[in-house]
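Dear colleague,

Please find below the structure I promised to hand over, followed by my notes on what turned up in it. I would be grateful if you read them with the coordinates open.

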Amino acid sequence: MMRTVILVGVAVAVVIAVVAIVLGVRDIRADRSMSRRTLSAYCAAGVVAAAVIAYAVL
């Protein structure tokens with residue numbers, strides 16, 4: 001069970017990170033600063049990754 005939760009958490013973190021990268025590339029190509037949506041996606045990926053690490057350690 002624990003292994004499944006960790007794998008799902010990692011998958012979710014990867015998906016959110018890819019979305020954040022895509023949004024960041026769109027902002028760069030449009031020659032504008034990072035949007036709130038992009039920054040929020042990066043933060044969400046970090047939070048999910050931190051939660052997965054904490055779950056794995058504890």
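I begin with Asp27, which counts as buried because its relative accessibility is 5%, where buried means under 20% relative accessible area, exposed means over 50%, and partly exposed lies in between (1.4 Å probe, protein chains only). Before going further, please note that this is a predicted model, in which local features need pLDDT of at least 70 and side-chain atom pairs count only at pLDDT 80 or more, while totals for chains, interfaces and linings use all residues. Residues are numbered from 1 along each chain as its sequence is written, and side-chain values use heavy atoms, with hydrogens and water left out.

Asp27 is found in helix α1, helices being DSSP runs of H or I with at least four residues and strands runs of E with at least two, numbered from the N terminus. Asp27 forms a salt bridge with Arg32, with the closest N and O atoms 3.1 Å apart; the term stands for a side-chain nitrogen of Lys or Arg within 4 Å of a carboxyl oxygen of Asp or Glu, and by this rule the count comes to 1 salt bridge. The side chains of Asp27 and Arg32 are also joined by a polar contact of 3.1 Å, that is, a pair of N or O atoms within 3.5 Å, of which, within protein, one must be able to donate a hydrogen and the other to accept it, residues adjacent in sequence counting only if both atoms are side-chain atoms. Leaving aside neighbours within four places in sequence, Asp27 is in contact (heavy atoms within 4.5 Å) with Arg32, Ser33, Met34, Ser35 and Thr38.

As for the helix itself, α1 (residues 2-29) has 28 residues and reaches 41 Å from its first C-alpha to its last, close to the 40 Å expected, a span worked out as 1.5 Å times one less than the number of residues. The buried residues of α1 are Gly9, Ala13, Ala20, Leu23, Gly24 and Asp27, and these pack against α2 (36-57). After α1 comes Asp31, whose phi is positive, near 55°. In helix α2, Val47 counts as exposed at 55% relative accessibility.

Taken as a whole, the protein chain has 2 helices and 0 strands. Its radius of gyration is 14 Å, well over the 10 Å that the globule rule gives for 58 residues, so the chain is more spread out than a compact globule; the radius is taken over C-alpha atoms, and the rule is 2.2 Å times the number of residues to the power 0.38. The C-alpha atoms fill a box of roughly 45 × 15 × 10 Å along the principal axes, and 17% of the 58 residues count as buried.
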